[in-house]
Amino acid sequence: MTRRLTAIVEREGEGYVALCPELDVASQGETVAEARDNLAEALALFFETAPPGEVDRRLRGEVYVTQIEVAVG
């Protein structure tokens with residue numbers, strides 16, 4: 001079985017941090033691709049080891065990633 005999840009990747013210092021907001025799982029890497037791959041590995045390990053109740057407790061059904069414009073100053 002596979003599951004489609006969101007990966008948000010952002011630069012942090014000299015590397016990148018990848019976050020899956022549905023499960024609040026994160027990882028990092030030196031490149032965007034490495035951070036994304038490391039997040040995929042962290043998520044696979046989470047699903048392998050977390051009890052079903054933990055998955056259900058943390059899993060958010062819908063996550064929307066968008067941009068907004070706000071006045072500054």
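User: How many residues apart are Glu54 and Arg57 in helix α2?
Analyst: Glu54 and Arg57 are three residues apart in helix α2, which separates them by about one helical turn. Helices (H or I, at least four residues) and strands (E, at least two) are DSSP runs, numbered from the N terminus.

User: What kind of model is this?
Analyst: This is a predicted model, in which local features need pLDDT of at least 70 and side-chain atom pairs count only at pLDDT 80 or more, while totals for chains, interfaces and linings use all residues. Residues are numbered from 1 along each chain as its sequence is written, and side-chain values use heavy atoms, with hydrogens and water left out.

User: What does Glu54 form with Arg57?
Analyst: The two residues form a salt bridge, with their closest N and O atoms 3.0 Å apart. The term denotes a side-chain nitrogen of Lys or Arg within 4 Å of a carboxyl oxygen of Asp or Glu.

User: How many salt bridges does the structure hold?
Analyst: The structure holds two salt bridges. Arg58 also meets Glu54 through its side chain, at 3.4 Å from N to O. Arg58 and Glu54 both lie in helix α2, four residues apart, or about one turn of the helix. Shared partners join Glu54, Arg57 and Arg58 into one network of salt bridges.

User: Is Arg57 buried or exposed?
Analyst: Arg57 is exposed, at a relative accessible area of 61%. Buried means under 20% relative accessible area, exposed over 50%, and partly exposed in between (1.4 Å probe, protein chains only). Glu54 is partly exposed at 23%, and Arg58 counts as partly exposed at 21%.

User: Moving on to the sheet, what is the order of its three strands?
Analyst: The open sheet has the order β1-β2-β3, and its pairing is antiparallel. Two strands pair if DSSP finds at least two bridges between them. The edge strands, each pairing on one side only, are β1 (8-12) and β3 (25-29). Neighbouring strands are turned by 25° against each other on average, direction ignored. Axes are lines fitted to C-alpha atoms, for helices over the stretch in contact, and angles run from 0 to 180 degrees between N-to-C directions.

User: Which helix packs on the sheet?
Analyst: Helix α1 (residues 32-49) packs on the sheet and touches β1, β2 and β3, its direction making about 145° with that of β3. Contact means heavy atoms within 4.5 Å.

User: Over how many bridges do β1 and β2 pair?
Analyst: β1 and β2 (residues 15-20) pair over five bridges. Glu12 stands opposite Gly15, and the bridge partner of Glu10 is Val17. The two strands form a hairpin with two residues between them, and Gly13 in the turn has a positive phi of about 65°.

User: And what do β2 and β3 form?
Analyst: They form a hairpin with four residues between them, where Asp24 in the turn has a positive phi of about 55°. β2 and β3 also pair over five bridges, and Ala18 has Ser27 as its bridge partner in β3.

User: Why is β2 largely enclosed?
Analyst: Five of the six residues of β2 are buried, so the rest of the structure largely encloses this strand.

User: Last topic: which residues form a nonpolar patch on the surface?
Analyst: Ile68, Val70 and Val72 form it, with about 380 Å² of accessible area together. Patches are made of residues with over 30% relative accessible area and no salt bridge, like charges being joined within 9 Å and nonpolar side chains (Val, Leu, Ile, Met, Phe, Trp, Tyr) within 5 Å. Accessible areas come from the Shrake-Rupley method with a 1.4 Å probe, and for residues only the protein chains shown count as cover. Val70 lies in the segment after α2 (52-58) and is exposed, with a relative accessible area of 57%.
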